Amino acid sequence: MKHARRNLRRIVRLAAVGGLLCGGLMVSNAMADEPDGRAAGSGIARSAEVGADLVTRLGDTRTAGSWIADDGQPVVAVTDEEAAAEVRESGARAKVMRYSASDLGSATEALGKAPRVPGTSWAVDYRSNEVVVRADSTVSAEDWSRLSEVAAGIGASVRMERTEGSFRTMLNGASPIFNGRGRCSVGFNVTNGQRDFILTAGHCGPVGTSWVQGGQVGQTGPQVGTTVAGNFPGNDYSLVEYENPDVVDGTNIVDIGEGQGVRVTGAADPVVGQQVFRSGSTTGLRSGRVTALNATVNYVEGAVTGLIQTTVCAEPGDSGGPLLSEGVALGVTSGGTGDCTSGGVTFFQPVTEALSALGVSLVDAPNAGAGTGTGTGNSTTQNPPPAAPPAAEVVTPGAAGQQQSVIGAVDYQALIPGLGIIAASLFLLMVAQRALSDRVGRNRYRNQYSQSWG
């Protein structure tokens, strides 16, 4: 019996020591990511690539999209067990679904052919294997009924939802640039190799719109530039050509408040489930998740397709502001519903599509990276503004336009499990030490007792 107890205590101590080593390694890895986000996001980028490659290889009739799970692993929706086995062999997770990507694509195509109803949107939800149609508070009962009939005719792959608020472009409100009628946020600095431009939302103003700096409509300020190209509705992007060299600094630093900014290192397409950040002059830095791609929104001005759907909140004046993840440019703010008090759904014009269509590239961003980020989420409740995007290089302007790094990067999602293992291991060591102390005490008492009574 004594031998068994000694073995048990020895096993507990070894397990605790092993846990401390394992937890310490996890914490070390979480703290060791490079500050520009490329190392931290490389695992997610690889996961996204694995999922996308499997969808391409298996085809639209055997798959129904892919996304990133809570632990950063790729998940692929498939329609048969044979495809599921191939997905698992490739190191990804498989989820067998009823409808294929081809089925869901046909459903969205049918919705697009129906009479347009302002105040509605739709996108494919990979996780639920449905096309989710949302109608805001401006949609009448008659239009809702007509759209519901269209959905019923398509089949069970379409789910109808009512949403509060109204789908609107985020024009007006406080913003660093305005045109005398409304205001928008600067997105990204871009160039065609000869001239520099601002990439912002197309609905902010048509070609010929003149922009100046200032805090309030009617205030005069330095001339910024003029809109020289754009597309809205249909898409939602535009180019403002800089006319004042004094406002061009040749960098791409996204303002996140308190005199700090995030350096943009490249452009990429996002991944469903990815954590993203949006910065706008009205509400500042806000975070959320990508919930769908290729979304369609029917604004009052017209339909816009191919948008990124997210849970990030936005308010008027945030239009055109940048969407990014770990220093990688993903999109510019288009519109949505809700606000940053109650939360909402916000849509973004993909930046890669805009850059390609306009024939420009990001300024000062030679390393075009893949979209990175972790986690999943579908809630439309907005979290409080984050201190800064994790795993991104946060800088503050220094003397003579130089940039200084002010914080590093920590992968908090990996840090928490490591700390938990360390805590559990310390607890086991305490238990083992307590048991050993109790045994020594009992032995000492027995010795004293035997000496006293003979």
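Me: Is F232 buried, exposed or partly exposed?
Reply: This is a predicted model, in which local features need pLDDT of at least 70, side-chain atom pairs count only at pLDDT 80 or more, and totals for chains, interfaces and linings use all residues. Residues are numbered from 1 along each chain as its sequence is written, and side-chain values use heavy atoms, with hydrogens and water left out. Buried means under 20% relative accessible area and exposed over 50%, with partly exposed in between (1.4 Å probe, protein chains only). The relative accessible area of F232 is 24%, so F232 is partly exposed.

Me: How is the pair of F232 and Y299 classed?
Reply: Rings of Phe, Tyr and Trp (its six-membered ring) pair if their centres lie within 6.5 Å; planes under 30 degrees apart count as stacked, over 60 as edge-to-face and the rest as tilted. The structure holds two aromatic pairs. In the pair of F232 and Y299 the ring centres are 6.4 Å apart and the planes stand at 40°, so the pair is tilted.

Me: How many residues apart are F232 and Y299?
Reply: Strands (E, at least two residues) and helices (H or I, at least four) are DSSP runs, numbered from the N terminus. F232 belongs to the loop between β13 (223–231) and β14 (237–242), whereas Y299 belongs to strand β19 (residues 284–299). Y299 is buried, at 0% relative accessibility. The pair links distant parts of the chain, and its separation is 67 residues.

Me: Which residues is S47 in contact with, leaving aside its neighbours within four places in sequence?
Reply: S47 sits in helix α2 (residues 38–58). Its relative accessibility is 8%, so S47 counts as buried. Contact means heavy atoms within 4.5 Å. With neighbours within four places in sequence set aside, the contacts of S47 are I68, G72, Q73 and P74.

Me: How far apart in space are V207 and S238, C-alpha to C-alpha?
Reply: V207 lies in the loop between β11 (196–200) and β12 (210–213), and its relative accessible area of 56% makes V207 exposed. Apart from neighbours within four places in sequence, V207 contacts T227, V228, A229 and G230. V207 and S238 are 31 residues apart in sequence, and their C-alpha to C-alpha distance is 8.2 Å.

Me: Which residues line the largest cavity?
Reply: A cavity is a set of points, on a 1 Å grid over the protein atoms alone, where a 1.4 Å probe fits but cannot get out; lining residues have an atom within 4 Å of a point. The largest cavity has a volume of about 30 Å³. The residues that line the largest cavity are A114, P115, V117, D143, R146, L147 and V150.

Key:
On a 1 Å grid over the protein atoms alone, a cavity is a set of points where a 1.4 Å probe fits but cannot get out, and a pocket is an open set with protein on both sides within 12 Å along at least five of seven lines; lining residues have an atom within 4 Å of a point. Grid points are joined across faces, edges and corners, and a volume is the space filled by probe spheres set on the points.
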